[in-house]
Amino acid sequence: MLAATRRAACLLLQAKYLIESGVLTGIRRHTRTSQRSMSGALIQRIKELEDELEKLRSQLEENTEAGEDMGGKSCSPPSDENTRSSKKKSGKERPFDFGSHPRRHVALKLAYLGWAYQGFAVQENTDNTVEARMFEALLKTRLIQERQSSNYHRCGRTDKGVSAFSQVITIDLRSSQFCGGPGVSLPEHLDPSAKSKASTSELPYVKMLNRVLPQDIRILDWAPAEQGFSARFDCQSRTYCYYFPRGSLDVELMANAAKRYEGTHDFRNLCKMDVGNGVLQFERTILSASVEPVRLQQVSSTEQYDLFVFEIKGLAFLYHQVRCMMAVLLLIGQKLEAPEIIDELLDVKNNPRKPQYSMAVDYPLVLYDCHFEGLNWQQETEEVNHVLSSLQRHWTQSAVKAHVLLGMIRGLEERGGVSSNHCWLVEGSRQKNYRPLLERPCCESLESRINHFVKRGRLEREEGENGDETIHRGKKSKRSHDACAPSVSSEIPKQSLSTKGED
């Protein structure tokens, strides 16, 4: 009805416009007879349209009054299109029902370039971390409902500026496997008809996450895992790589010295003691440590711009341990310290306090591998190729920039410039007169640190029945240091501070 009224009004306006605008005046010039007959016909048609328009208006008013008498309710249901548009305008969407979907415990392997981030783990004072970006992606794809209920564990927490090629996390994700499977938990109130659904392929976890993650964070593979499997506690070994140029370093001396790290030792003098967060035991096992050229040279080379890598494999590592170990190797490579300094630092009986020294810088360090047993990694060829292409683009840009700089350096050397022997991979400025490590001021002892945090309420002491002393986290402990970590309790016999703590 309303459409017909509009159509009649439109025709009426068009006819009046034709007469008023003088469009028909051109016809007068050719024949007066045809002009008179056409004008008469138009006038008659206008009168008919006016009558029809008046009738339609009357009918529309009657229908409107009838609708008001019925309480303003329409007889016809709103169209789907109108319903969708109203939902969009109101901004309200139907909440996603996570309870109707299975959950699957999986392991995710990811690679990231950590140079632009403040570390891997979420922190209180910044959201610029790899883990923060990852959980944003998990929530956006609705693979998890919230972090707290996701059963999340990470293999390691890399520092600010440190990258990773095979970081691993375990987590419960939304699944499409209503028929069950490894690591799958079905909803409690599952419709019986859902169980009879034909088995479908799992959700494309890698593709879904990589489409919303930043370009410098990539998921490589995923693997189904049994409930209870933890990326943190079930990791068999971790491998780190630290890259550095030869410069003026004696790399052969460094390679020989690195072997002294192998075995089980107390590394309190080669890490940052994280006592406030319950780390009270510093024995760690290093499976292998080596210094090798990045590319095997066909002919023996002494080129100062050749790249080398310090590769270290261990069961677990302490806070800043690899960077402290590398810093000592760099001192040995510069012949500022003898290789025997490593043995001295590992002898905590004679040297219970760490000498003050700077760590190696962060950006050359990579968590290269995390080894697990019993995981069947699922690869998506298309995604692997996509990640490879992205890394090749990054490498092209970096390699070209490096060679531009190298060309300038060589140009200045040809003009008689003398290269500096300064090692650019240690934090802080170099002292003019080097002071040997064992002659430097020392940090606080472990016992002194424990007493400090007991007074602040971060740690608490308890004496056992057999006279042993137990130290555990206090009420004021910063639990945010590792949200997924259980509370730590360590038994410390009297006269001894040999305790068992966290990574």
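Let's start with a charge pair. R133 forms a salt bridge with D127, and their closest N and O atoms are 3.9 Å apart. Keep in mind that this is a predicted model. Now, buried or exposed: what are R133 and D127? R133 has a relative accessible area of 16%, so it is buried, the cut-off being under 20%. D127 sits at 52%, so it counts as exposed, the cut-off there being over 50%.

Next pair. D343 and R260 meet through their side chains in a salt bridge, at 2.3 Å from N to O. This one links distant parts of the chain. D343 is in helix α10, while R260 is in the loop between α8 and β7, and 83 residues separate them. D343 counts as partly exposed, at 35% relative accessibility. R260 is partly exposed too, at 27%.

Back to R133 for a moment. Salt bridges with shared partners join D127, R133 and E136 into one network.

How many salt bridges does the structure hold? The count is 17. One more of them deserves a look. D221 and K109 meet in a salt bridge, 4.0 Å from N to O. D221 is in strand β5 and K109 in strand β1, 112 residues apart, so this pair links distant parts of the chain. Both residues are buried.

Now helix α8, residues 251-258. Its buried residues are V251, M254, A255, A257 and A258. They cover an arc of only 165° around the axis, which puts them on the same side of α8. On the other side, E252 and N256 are exposed. What do the buried residues of α8 pack against? Their partners are strands β6, β8 and β9, plus helices α9 and α10. D250 caps the N-terminal end of α8. A side-chain oxygen of D250 lies 3.3 Å from the backbone nitrogen of E252.

F165, Y243, V294, L307 and Y368 make a nonpolar patch of about 430 Å². Y368 is found in strand β10, residues 365-371. Y368 counts as partly exposed, with 38% relative accessibility.

Last, the whole chain. It has 12 helices and 13 strands. Of its 503 residues, 41% are buried. Take the contacts with a separation of 6 or more: 74% of them come from residues 24 or more positions apart. The accessible surface is about 29500 Å², and 50% of that belongs to carbon and sulfur atoms.

Key: Residues numbered from 1 in each chain as written. Predicted model: local features only at pLDDT ≥ 70, side-chain atom pairs only at ≥ 80, totals over all residues. Heavy atoms only, no water. Patch = residues over 30% accessible without salt bridge, like charges linked within 9 Å, V, L, I, M, F, W, Y side chains within 5 Å. Areas by Shrake-Rupley, 256 points an atom, 1.4 Å probe, with all protein chains shown as cover. Helix = DSSP H or I, 4+ residues; strand = E, 2+ residues; numbered from the N terminus. Buried < 20%, exposed > 50% of the residue type's maximum accessible area, 1.4 Å probe, protein only. Contact = heavy atoms within 4.5 Å. Arc of directions from axis to C-beta. Polar contact = N/O pair within 3.5 Å; in protein donor to acceptor, adjacent residues only side chain to side chain.
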